[in-house]
Amino acid sequence: MDYARSLSSLASCCWFTGNLNKADSLFTQAILIYEKSIGKNHMFYAGCLRNMAGLCREIGKYDQSRHLYEEAISIYEHVFGKAHFEYAYTLSGLGELFFSIKDVKKAEALFKESRSILENSLGKSHSSYAKVLNNLSYFYLEIGQVDSILKLNSELYHNISGQITNAFSFLPESAREDFINKQARGYLDQIQSTGLKVKGSAYQSLQYNLALLTKGIQLQAIQSTLEFILGQQDSSTRETYNQLTSLRRRLYAQYQLPVAERKFVDDLQGRIEEKEKELARLSADFRQQQEVSKTIVTDVHKALHTDEASVEFI
């Protein structure tokens, strides 16, 4: 089985680097070994089928892709049930296949079902939930149904902004750019580029909020907070901040788990609020920076005087 897992991992690497024929061959070998070693009713076998299905979709083997997705869906249903996130991931993949072959009704139904399952199993703050929101948004954009996009991308923005803000509250400076590029860049670019086709002030406000988050006031506030705390002579202030950072890191890790596997979330949230209040009592600067980190477009508008305008620098 370990050999099959290695073949599957190597196949994914070949796929990522564009060596599609080699990836096809390696996935095929891995599937055969899994079937012989652990049988077909196993999550590893289903996962390999799903990966192979995605590859087949990309190279135009649509019938084979559909067969593989449907077999994987059947296995996940048997192993985990229909409420599991692995089942939802595979539904979304099949939705992408139907979208590729222009069967928009089936694609939309599968994307929506996947979204509903992921919302219940992983929650709206999870990174995988962002992916299905992005799929739906892109789907509606491509078929010209722009009325649905604002709501989806607003929800996507809240998901991504929450991930960035939470992660940046404990990640070192050296890891932040990597986090943005791996976890958020594609979604952020999609939200911005969609503004070329979705008109209106509501979507412009969403884009402005995105700019505030990614290259302006909010992320700067997070960095300023860190610099301020580390510069304090009072060791108790630094210790409180370190405790707050540790709690935030633990809470972030919990939110990456399925809902059913999360532990002590309410307790962690309560302790984080207590530490934030404690720091706010210790420092007026911390209180001010906490408020700045929550800035959105309406706050900017309220601060403008007559004949003033806000400008985004590209």
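Predicted model: local features only at pLDDT ≥ 70, side-chain atom pairs only at ≥ 80, totals over all residues.
The protein chain contains 15 helices and 0 strands. Of its 314 residues, 45% are buried. Among the contacts with a separation of 6 or more, 62% are accounted for by residues 24 or more positions apart. In soluble globular proteins, nonpolar side chains tend to be buried together. In the present chain, the largest nonpolar core comprises 68 residues, and I160 and I164 have the most contacts inside it. Another core, of 9 residues, lies apart from the largest one; L251, Y255, I272 and L279 are among its members.

Helix α2 covers residues 20-37, a total of 18 residues. The distance from its first C-alpha to its last is 26 Å, close to the 26 Å expected at 1.5 Å a residue. The buried residues of α2 are A23, D24, L26, F27, A30, I31 and Y34. These buried residues pack against α1 (2-16) and α3 (43-58). After α2 comes G39, with a positive phi near 85°.

Helix α3 has 16 residues, which should span 22 Å at 1.5 Å a residue; the end C-alpha atoms of α3 are 23 Å apart, and the two values therefore agree. This helix is mostly covered, as 12 of its 16 residues are buried. The buried set consists of Y45, A46, G47, C48, L49, R50, M52, A53, G54, L55, C56 and R57. The packing partners of these buried residues are α1, α2, α4 and α5. A glycine with positive phi also follows α3, namely G60, with a value near 90°.

In α4, the buried residues are S65, L68, Y69, E71, A72, I73, I75 and Y76. They pack against α3 and α5. The helix is followed by G81, whose phi is positive and near 95°.

Two packed helices are described by the angle between their axes and the distance between the axes. For α3 and α4 (residues 62-79), the axes come within 8 Å and cross at roughly 155°. Because angles over 145 degrees count as roughly antiparallel, α3 is roughly antiparallel to α4. The crossing of the two helices is left-handed. On the α3 side, the residues that meet α4 are M43, Y45, A46, G47, L49, R50, M52, A53, G54, C56 and R57. On the α4 side, their counterparts are Y62, Q64, S65, L68, Y69, E71, A72, I75 and Y76.

The loop between α3 and α4 includes I59. The relative accessible area of I59 is 32%, and the residue is therefore classed as partly exposed, since this class lies between the 20% limit for buried and the 50% limit for exposed. Leaving aside neighbours within four places in sequence, I59 is in contact with L20 and D24. D24 is itself one of the buried residues of α2.

K102 lies in the loop between α5 (85-100) and α6 (104-121). Its phi is positive, about 70°, although K102 is not a glycine. With a relative accessible area of 68%, K102 is exposed. F264 is located in the loop between α12 (235-255) and α13 (265-282). The phi of F264 is also positive, near 60°, in a residue other than glycine. The relative accessible area of F264 is 60%, and this residue is therefore exposed, as the cut-off for that class is over 50%.

Methods: Residues numbered from 1 in each chain as written. Heavy atoms only, no water. Core = buried A, V, L, I, M, F, W, Y, C linked by side-chain atoms within 4.5 Å. Buried < 20%, exposed > 50% of the residue type's maximum accessible area, 1.4 Å probe, protein only. Helix = DSSP H or I, 4+ residues; strand = E, 2+ residues; numbered from the N terminus. Expected span 1.5 Å × (residues − 1). Contact = heavy atoms within 4.5 Å. Axes fitted to C-alpha atoms, helices over the stretch in contact; angles between N-to-C directions. Parallel < 35°, antiparallel > 145°, perpendicular 65-115°, else oblique. Left-handed = near helix turned anticlockwise from the far one by under 90°.
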